[in-house]
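Please read them with the coordinates open.

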Amino acid sequence: MKDREDILAHVEDIWRKAEERGIVRNSPFLSERERGLFLEKIKRERGAKFLLLGGEEAERQAFFFYPSFMEEEECRELLLEDNPVVLL
């Protein structure tokens, strides 16, 4: 259980830094269970803006958090144009 708590704390830190710094930040690829735990946390606290990428049927997906001033489409364009990571 400690590992899950560490992962959730790490993902929350990424989320907060994205907002504080006004940049897009991504989490590591997370299992369905890990994503579910973090989504529960987001629902309680509200305010996180994110894309969940890795494929609809993918076993593991990553959160891409973006700041509140950015729209989802702008984030998608930024990821497609400037991201050195290839999303398969």
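Is Arg60 buried, partly exposed or exposed, and what is its relative accessible area? Arg60 is partly exposed, with a relative accessible area of 38%, where buried means under 20%, exposed means over 50% and partly exposed lies in between (1.4 Å probe, protein chains only).

1. Basis of the note. This is a predicted model, in which local features need pLDDT of at least 70 and side-chain atom pairs count only at pLDDT 80 or more, while totals for chains, interfaces and linings use all residues. Residues are numbered from 1 along each chain as its sequence is written, and side-chain values use heavy atoms, with hydrogens and water left out.

2. Overall make-up. The chain contains 3 helices and 3 strands, which follow one another along the sequence in the pattern α-β-α-β-β-α; helices (H or I, at least four residues) and strands (E, at least two) are taken as DSSP runs and numbered from the N terminus. Of the 88 residues in the chain, 32% are buried. The accessible surface comes to about 6,100 Å², with 49% of that belonging to carbon and sulfur atoms, as computed by the Shrake-Rupley method with a 1.4 Å probe, where for residues only the protein chains shown count as cover. Among contacts (heavy atoms within 4.5 Å) with a separation of 6 or more, 59% are between residues 24 or more positions apart.

3. The sheet. An open sheet is formed by 3 strands in the order E1-E3-E2, with antiparallel pairing; two strands count as paired if DSSP finds at least two bridges between them. Strand E1 (25-26) and strand E2 (49-53) are the edge strands, each pairing on one side only. The pairing of E1 with strand E3 (residues 62-66) is antiparallel and runs over 2 bridges, and Asn26 has Phe64 in E3 as its bridge partner.

4. Helix H2 against the sheet. Helix H2 (residues 32-45) lies across E2 and E3, and runs at about 30° to E3; the axes here are lines fitted to C-alpha atoms, for helices over the stretch in contact, and angles run from 0 to 180 degrees between N-to-C directions.

5. Leu8 is in helix H1 and, leaving aside neighbours within four places in sequence, is in contact with Glu34, Leu37 and Phe38. The C-alpha atoms of Leu8 and Lys41 are 8.9 Å apart, although the two residues are separated by 33 residues along the chain. Glu12, also placed in helix H1 (residues 2-21), has contacts with Phe38, Lys41 and Glu45 once its neighbours within four places in sequence are set aside.

6. Salt bridges. The count is 4 salt bridges, each being a side-chain nitrogen of Lys or Arg within 4 Å of a carboxyl oxygen of Asp or Glu. One of them joins the side chains of Glu12 and Arg16 at 2.8 Å, N to O, and these two residues lie 4 residues apart in helix H1, about one turn of the helix. Glu12 counts as buried because its relative accessibility is 17%, whereas Arg16, at 35%, counts as partly exposed.

7. A link between distant parts. Glu34 forms a salt bridge with Arg60, with the closest N and O atoms 3.7 Å apart. This pair links distant parts of the chain, since Glu34 is in helix H2 and Arg60 in the loop between E2 and E3, 26 residues apart. Glu34 is buried, with a relative accessible area of 13%.

8. A pair within helix H3. The side chains of Arg76 and Glu72 meet in a salt bridge at 3.2 Å, N to O. Arg76 and Glu72 are 4 residues apart in helix H3 (residues 72-82), so about one helical turn separates them. Arg76 is partly exposed at 35% relative accessibility, and Glu72 is partly exposed with a relative accessible area of 37%.

9. Aromatic pairs. There are 7 aromatic pairs in the structure; rings of Phe, Tyr and Trp (its six-membered ring) pair if their centres lie within 6.5 Å, and planes under 30 degrees apart count as stacked, over 60 as edge-to-face and the rest as tilted. The pair of Phe38 and Phe65 is edge-to-face because the ring centres are 5.8 Å apart and the planes stand at 75°. As Phe38 lies in helix H2 and Phe65 in strand E3, this pair ties together parts that are 27 residues apart in sequence. Phe38 and Phe65 are both buried, and ring pairs link Trp15, Phe38, Phe50, Phe63 and Phe65 into a cluster.
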